[in-house]
Amino acid sequence: MSANVSEERQPLASARPIGHRDVVTIALPIMISNATVPLIGFVDTVVVGQLGEAYLIGGVAVGATIFSYLYWVFGFLRMGTTGLTAQALGAQDGVEIAANLHRALLIAGAAGLAMIAGQSLIALTAFYVMGASEAVEKAAYTYFSIRIWAAPAGLINFALLGWFIGMGRAGLAFVIQIFLNVLNMLLAVLFVVGLGLGVAGVGAAALIAEWAATFLGLYLAWAILARRGYRADLRQVLDLARLRRTFQVNTDIMIRTALALTVVVFFTAQGARSGDVILAANAVLNSITMVAIYLLDGFAFAAESLVGRSIGARAQQRFREAVRLSTIWAALTGALLSLVIWLAGPAIIDFMTTSADVRVASREYLVWAALLPIVGVWCYQLDGIFIGATRTADMRNMMLLSVLIFFAVWAVLQPLYANHGLWVSMLIFNVVRAVSLMARFSALERAAFHPLAQAH
């Protein structure tokens, strides 16, 4: 354990209760930075749209989707690092705080290099699954073959964001994400509109922005370690027991994420099987709900950090306050977002599409999209609590149960109610995620604060 105790660590050792300000201080920057994420796709579409060819827009969309899925699978680098770092911070273990960062960076860098080495196989598989036209695939490959060289940076950035959130420094995570997203957009405009580089310009913008953001994040992380006097002990970084725990946490989250991704992909595929109009309507509604989910993520991230630090400090009352206050904020925000989607949904739909058929279909299924934030907020919040507690095996197992129930419900409802049945199945999937995790909450608290009782 580090002998250096900084001013930022003192409150953790006290009985100072967690307040609303603690939740909002972490959640608000994340919510704002998350809100900029959809803007990248919007700007990329606009700048490429100026070239006047539909296949170029499709190429960028397909290429960006490939990276979205790849990065989503490696989302454990962000989530696992947050929980482990927050617990080390709560325990005031400076050496382990530094070691967690180095372990995450090693894993992220190795995974990114592996993606570069396997880029041909990744491209072959992805384009086969996408099934795009030859023109779209050619444009997408141009984008992919450039941006793939940013894979190590993209994954390292995930690890850095997880570490900053675990440290309770969401403001720094906000700075990095805003820097990344704004630089990406500005470079896309410069390269495509100004220099006429086309799809290659969009790929180059992402490449440069991701590396620049990563270097900024590394500089800020090293500055924190230097100011606090934390130094990574190489033996502790490579300690087999700690490495095993890190890999176990990350593997559980990766499996859990892959299972969730299976449901998302299946949902999209079923929409496609129902025809172009239903596919487009579901896409419009999903775009709306994704903004809501991005916003709700802020409170889940707050729960990760505050829960992890409370468990690390063995402060059960702080843990309960972290759960209670972050969930109150999340639930109220989820209810507000559901109301906004229900009331403003028709206007948003009309803004997003000019197709009369898609507008009618989107309105028909709007009620389900409007329910998603208030129904889903509970499982998102529990995910944050379990990540902070590093109870990732429970997350993996309950996600598997939820996926199985999703497919069972879909098999019954879809033949009877078509696309309505698909949407209801998605809502039930989120309900089962929440109920199943809640059933494991008592075990989480016992293991965190009464491990001997748990053992018996």
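A crossing of two helices is left-handed if the near helix is turned anticlockwise from the far one by less than a right angle, and right-handed if clockwise. The model used here is predicted, so that local features need pLDDT of at least 70 and side-chain atom pairs count only at pLDDT 80 or more, while totals for chains, interfaces and linings use all residues. Residues are numbered from 1 along each chain as its sequence is written, and side-chain values use heavy atoms, with hydrogens and water left out.

**Exercise 1. State how many helices and strands the protein chain has, and what share of its residues is buried.**

Solution. Helices (DSSP runs of H or I, at least four residues) and strands (runs of E, at least two) are numbered from the N terminus; the protein chain has 19 helices and zero strands. Next, take buried as under 20% relative accessible area, exposed as over 50%, and partly exposed as in between, with a 1.4 Å probe and protein chains only; buried residues then make up 54% of the 456 residues. Finally, with contact meaning heavy atoms within 4.5 Å, residues 24 or more positions apart account for 85% of the contacts with a separation of 6 or more.

**Exercise 2. Describe the packing of helix α8 (residues 151–166) against helix α10 (residues 198–228).**

Solution. Begin with the geometry, in which axes are lines fitted to C-alpha atoms, for helices over the stretch in contact, and angles run from 0 to 180 degrees between N-to-C directions. The two helices α8 and α10 pack at an angle of about 35°, with their axes 9 Å apart, and their crossing is left-handed. Then list the residues: α8 contributes, among others, Leu160, Trp163 and Phe164, and α10 contributes residues including Trp211, Gly217, Leu220 and Ile224. By class, the contact of α8 with α10 has 12 nonpolar, four polar and one charged residues, where Ala, Val, Leu, Ile, Met, Phe, Trp, Tyr, Cys and Pro count as nonpolar, Asp, Glu, Lys and Arg as charged, and the others, Gly among them, as polar.

**Exercise 3. Decide how α13 and helix α16 (residues 366–388) are oriented to each other.**

Solution. Their angle is about 20° and their axes lie 8 Å apart. Angles under 35 degrees count as roughly parallel, over 145 as roughly antiparallel, 65 to 115 as roughly perpendicular and the rest as oblique; α13 and α16 are therefore roughly parallel to each other. As to handedness, α13 passes α16 in a right-handed crossing. Among the contact residues are Leu296 and Phe299 of α13, and Tyr380 and Ile385 of α16.

**Exercise 4. Identify the residues that touch the most other members of the largest nonpolar core.**

Solution. A nonpolar core is a set of buried Ala, Val, Leu, Ile, Met, Phe, Trp, Tyr and Cys residues joined through side-chain atoms within 4.5 Å. In the largest such core, which has 135 residues, Met115, Trp163, Phe164 and Ile385 touch the most other members. Helix α13 (residues 276–312) gives the most to this core, with 15 residues. For Phe164, the partners beyond four places away in sequence include Arg169, Leu172 and Ile176, as well as Leu220 and Ile224.
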